[in-house]
Amino acid sequence: MRPTLPSAYGAENGHFGGVGEDHLRGAVSTRIPAGRYAHGVDADPPGLDLARLAGHLQRAGLTEGPLTAELIVGGRSNLTYVVRDAERTYVVRRPPLGHVLATAHDMAREHQVMSALRDTAVPVPRMFHLCRDAEVIGAPFFVMEHVEGGQPPLTPALAHALVDVLAALHSIAPGSVGLGDFGRPEGFLERQAARWKRQLDASRSRDVPGFDDLYERLIRDVPPQGGSAILHGDFKLGNTLVAGGEVRAVLDWEMSTLGDPLTDLALFLLYGEVAALDPAAGRAVGAVVEAGGEAPPLPIEAGADLAARYGEASGRDLSRFGWYTGLACFKLAVIAEGIHFRHAMGLTVGEGFAGIGEQVAPLVARGLMEV
């Protein structure tokens with residue numbers, strides 16, 4: 001019987017616990033309010049000088065005249081703004097305020113992978129402009145297409161659509177789209193396990209039974225890597241836009257690299273298995289309940305069926321998939337433990353962090369069942 005994970009905790013911004021890996025990658029805890037801002041009416045939105053941006057985009061031939069902006073994702077991940085002039089609407093992405101690790105928020109890298117995937121079966125917004133000059137708004141940024149959509153309840157049909165997109169991504173030969181040198185696929189699995197062990201050691205504040213045992217089991221029996229592929233790195237409902245039952249765009253490619261594609265699949269299925277791990281899925285189901293409807297069961301609870309669908313579409317060998325699930329459990333458990341550690345030290349800002357530590361032991365137990 002699988003261990004039961006807590007069903008809900010405070011979450012925001014569509015990331016695990018509202019922070020995801022940024023809490024472990026050197027991002028400063030800077031909470032900024034989402035909302036609408038207009039140059040000449042209200043103050044500029046945090047991190048975006050609208051007058052300077054307007055001049056720059058006008059010189060690039062993208063906009064004309066004054067701009068308004070809406071900060072649609074605040075907090076510690078890359079910041080996202082909807083920017084409008086009198087006729088056009090764009091999306092601007094920049095690193096979080098106060099970040100200290102440039103490699104953790106490489107705007108050129110995120111721009112590169114979405115540009116490369118533009119004419120493939122993977123839906124991504126069109127890229128319009130990359131600015132590497134930090135003097136314009138205080139950091140590098142890029143401008144992309146504004147795509148309409150949201151995160152509806154995770155129905156079986158939508159789960160199928162999502163796993164089909166993931167299989168399509170992993171079917172693309174990196175070199176065919178100019179991403180042959182986008183990462184180091186050799187030794188990827190070993191590096192992943194070692195990376196998350198280092199993160200655990202840096203934030204260990206209590207004894208969690210089985211944590212070290214799970215790591216030892218992972219490194220003792222690393223499966224041979226079955227080829228490499230372009231990875232999203234954090235593929236889940238919350239990082240997509242859906243409209244009319246179709247996946248219209250896959251977003252948030254800041255963790256993308258080249259590596260073993262089954263790590264993407266395992267993390268996606270784990271996010272869906274427990275709605276709390278993907279706040280967007282939890283909010284979508286909650287909205288159905290509040291409207292008087294009946295919340296559908298998360299189809300990822302039948303993860304074996306989705307994994308089989310992926311295997312059929314991709315032709316990949318899933319005989320060692322339990323190991324990948326164990327790695328996904330280890331990764332999310334380490335992230336949750338890091339947030340618990342920072343919360344105990346008084347280093348988190350905002351609500352919803354107190355219960356995240358309760359996620360750790362069930363994730364570890366779940367991982368031990370798989371490896």
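**Close-up views of a predicted model**

View 1. A disulfide is a covalent bond between the sulfur atoms of two cysteines. How many disulfides does a search of the whole structure find? The search finds 0.

**View 2. Helix H5 against helix H10.** Helix H5, which covers residues 211–220, and helix H10, which covers residues 360–370, have axes that come within 9 Å and cross at roughly 35°. The crossing in which H5 passes H10 is left-handed. On the H5 side the contact is made by Phe211, Asp213, Leu214 and Arg217, and on the H10 side by Val360, Val364, Gly367 and Leu368.

**View 3. Helix H5 against helix H9.** The axes of H5 and helix H9, the latter spanning residues 321–344, lie 10 Å apart, and the two helices pack at an angle of about 140°. H5 and H9 also form a left-handed crossing. H5 contributes Phe211, Leu214, Tyr215, Arg217 and Leu218 to the contact, while H9 contributes Trp323, Gly326, Leu327, Phe330, Ala333, Val334 and Glu337. Which kinds of residue make up the contact of H5 with H9? The residues divide into 9 nonpolar, 1 polar and 2 charged.

Note on methods:
Residues are numbered from 1 along each chain as its sequence is written. This is a predicted model: local features need pLDDT of at least 70, side-chain atom pairs count only at pLDDT 80 or more; totals for chains, interfaces and linings use all residues. Side-chain values use heavy atoms; hydrogens and water are left out. Axes are lines fitted to C-alpha atoms, for helices over the stretch in contact, and angles run from 0 to 180 degrees between N-to-C directions. Helices (H or I, at least four residues) and strands (E, at least two) are DSSP runs, numbered from the N terminus. A crossing is left-handed if the near helix is turned anticlockwise from the far one by less than a right angle, and right-handed if clockwise. Contact means heavy atoms within 4.5 Å. A disulfide is a pair of cysteine sulfur atoms within 2.5 Å. Ala, Val, Leu, Ile, Met, Phe, Trp, Tyr, Cys and Pro count as nonpolar, Asp, Glu, Lys and Arg as charged, and the others, Gly among them, as polar.
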